[in-house]
Amino acid sequence: MGADHPHVCLTVSAPPRGCQAEYKAKIGSHPSSDRNATCACLAHSTALVCKQTEDSRRGSRWSIVGEKVFRLKPTSDRAVWFVKRLAAIAKVDLWRPDSIDQVAVNSDVDFRVGAQDIKKTIDLLEKSGLEYEVLIEDLQAMIEQQLDNKERSSTLHSYVNYNDMDTINTWMTNTVARHSNLMSLQKIGTSYEGRPIHVIKIGKKTGQTKPAIFMDCGIHAREWISPAFCQWFVKEAVATYGSDPTITKVLDTMDFFVVPVFNVDGYSYTWSNNRMWRKTRSKISGSNCRGVDPNRNWDAGWCTIGASSNPCSETYCGPRIESEKEVQAVANFIRLHKENIKAYLTMHSYSQMCLFPYSYTYDLVPNHNELNNLARGAIRTLASLYGTQFTYGPGATTIYPAAGGSDDWAYDLGIKYSFTFELRDTGRHGFLLPESQIKPTCEETMLAIKYVANYVANNLY
Ligand code: BHK
Ligand code: ZN
């Protein structure tokens, strides 16, 4: 990388103070160090992304030194042990599973490695004889591709771009106001950092209490396709009410409660500081690490399996059940409406799975066969559009055992149709799903959600 190379690569260890979306910075170690660069925080917090403001003839490019994402499939206990050791030595950032304790024989492990550790990692992998592949050769290129829909603007809302928290909030207010015959907006709580948490109610206003389906998006901050889907769902429901027979029937007889962004602090943080943040942003007393996994914080076998009591873990279950204000807000809302809520849906990414309870135990739920058939039907109709293949089954055996999840909690509260969807993809882009895939992903997911909603409407209890 020299001054004559158009892709000027630099990493800066920390932003000057906080991390604004874009700011000018002096570049220290770079050959052209006297120049200003425009820096952004699109990447992982350990590597700021900078581009030169000059050199317009060649075109400046966002760039960071090559980070890679690896995948390996440990096929023996020895291999599992090796992966855990590697994680300790190279300080890798696990993408899948979410915690090192969940590394198991015969399930894929995806992890990000910073530039300085790549050589060491490859050496260790080669020596180990483990089979591995480089899933993402150049993470920076992937981060750029993620925002690949051209018509983007920093403040306007778009269904085919990822929208930041402010844009989503403005969109919520405007959409609900524009369709007040079918929608209303309710603030159900406040996050740790003071942001509002909203639920949009969608359905024909009958003056009576209707059975309902609850759906949340964005429990995990970095899973950006999830809030994008909730926005798409709201648009599509309103746009096709009156023409699509399923949507019309469902909205005539039931209400949808939609939380477009559950983890509002975490989501904001993925835009401003660290694209790969997963948890909430709460401070933990006695620890320098922040945040609780909001999908380990519910009263469902809390912290007994597949969760960590270490505040630095990505699957930290929190100091106590419902310690997180965001979880409290949603749990209180669901408890308040539990007589009416007939289905609970929660949207995540990535893996392409349709999961149902339990995840905190290997026990099968009483209506296992019904949920299994329903999941199979949902993923079949999803696949009919673009051929996207989903797997399905109880969480514990289909992904991994994990306690404290929202779907298990909702199920045990009495909501017998409870599903966790893991949307696209299977790891090629992982959490950095390109914007060009928002539309097809939302279209196919819409089919699955409509399938489930139609079934629930026909099987009210
Ligand atoms: C689903 C349901 C209950 C518990 C765990 C899961 C898997 C989910 C998680 O919380 O670890 C996977 C995930 O977010 C990655 O999207
Ligand atoms: Zn998730």
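Reply: Start with strand β11 (residues 255-259): five of its five residues are buried, so the rest of the structure largely encloses it. Buried means under 20% relative accessible area, exposed over 50%, partly exposed in between (1.4 Å probe, protein chains only). Strands (E, at least two residues) and helices (H or I, at least four) are DSSP runs, numbered from the N terminus. This is a predicted model: local features need pLDDT of at least 70, side-chain atom pairs count only at pLDDT 80 or more, and totals for chains, interfaces and linings use all residues. Residues are numbered from 1 along each chain as written, chains are lettered from A and ligands numbered from 1 in the order written, and side-chain values use heavy atoms, without hydrogens and water.

Me: Which residues of β11 are buried on one side, and which on the other?

Reply: In a regular strand, side chains alternate between the two faces of the sheet. In β11, D255, F257 and V259 are buried on one side, F256 and V258 on the other.

Me: In what sense do β9 and β10 pair with β11?

Reply: Strands of a sheet pair through backbone hydrogen bonds, parallel or antiparallel. Pairing here requires at least two DSSP bridges between two strands. Strand β9 (residues 196-202) pairs antiparallel with β11 over three bridges.

Me: What is the strand order in the open sheet of four strands?

Reply: The order is β5-β6-β4-β7, with antiparallel pairing. The edge strands, β5 (93-96) and β7 (132-136), each pair on one side only. Strand β4 (residues 68-72) joins β7 by four bridges. One pair of bridge partners there is V69 and I136.

Me: At what angle do the axes of α6 and α12 cross?

Reply: Axes are lines fitted to C-alpha atoms, for helices over the stretch in contact; angles run from 0 to 180 degrees between N-to-C directions. The axes of α6 (residues 245-253) and α12 (residues 438-458) come within 10 Å and cross at roughly 50°.
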